[in-house]
Amino acid sequence: MTGEMLELINEGVTNIICAQPFACLPNHIVGKGVIKRIRHDHLDANIVAIDYDPGASEVNQLNRIKLMLSTAQKKLKK
């Protein structure tokens, strides 16, 4: 997933939602660790990881997506 994020950023897509199943251990370990580095190396990157599982709060998921979109709009205005 992180390689795909870098590919998107290099193509000009800087707003990324990384939707992942809760039990996706490789992405929880590697992906979340690498997202921090991607944000450091690409200051325009706006990435949010959203965990999806039956016990996840839909309100929390939607709020995190809305926050990401709000950040994207602020960056667009600059």
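**Charge and strands in the predicted model**

Helix H3 (residues 58-77) contributes the most to the positive patch, giving four residues. Helices (H or I, at least four residues) and strands (E, at least two) are DSSP runs, numbered from the N terminus. This is a predicted model, in which local features need pLDDT of at least 70 and side-chain atom pairs count only at pLDDT 80 or more, while totals for chains, interfaces and linings use all residues. Residues are numbered from 1 along each chain as its sequence is written, and side-chain values use heavy atoms, with hydrogens and water left out.

**Positive patch**

- The patch of positive charge on the surface gathers Arg-39, Arg-64, Lys-74, Lys-75, Lys-77 and Lys-78; patch residues have over 30% relative accessible area and no salt bridge, and like charges are joined within 9 Å.
- A salt bridge here is a side-chain nitrogen of Lys or Arg within 4 Å of a carboxyl oxygen of Asp or Glu, and accessible areas come from the Shrake-Rupley method with a 1.4 Å probe.
- Lys-75 lies in helix H3 and is partly exposed, with a relative accessible area of 35% (buried means under 20%, exposed over 50%, partly exposed in between).

**Strands E1 and E2**

- Strand E1 (residues 15-21) has a covered face of Ile-16, Cys-18 and Gln-20, and an uncovered face of Asn-15, Ile-17, Ala-19 and Pro-21.
- E1 pairs with strand E2 (residues 46-52) in the parallel sense over seven bridges, where pairing requires that DSSP finds at least two bridges, and Ile-17 stands opposite Val-48 in E2.
- Cys-18, found in strand E1, is buried, with a relative accessible area of 4%.
- Cys-18 and Gly-55 are 37 residues apart in sequence and, C-alpha to C-alpha, 18 Å apart in space.

Key: Buried means under 20% relative accessible area, exposed over 50%, partly exposed in between (1.4 Å probe, protein chains only). Patches are made of residues with over 30% relative accessible area and no salt bridge: like charges are joined within 9 Å, nonpolar side chains (Val, Leu, Ile, Met, Phe, Trp, Tyr) within 5 Å. Lys and Arg count as positive and Asp and Glu as negative; His and the chain ends are not counted. The place of a charge is taken as NZ of Lys, CZ of Arg, CG of Asp or CD of Glu.
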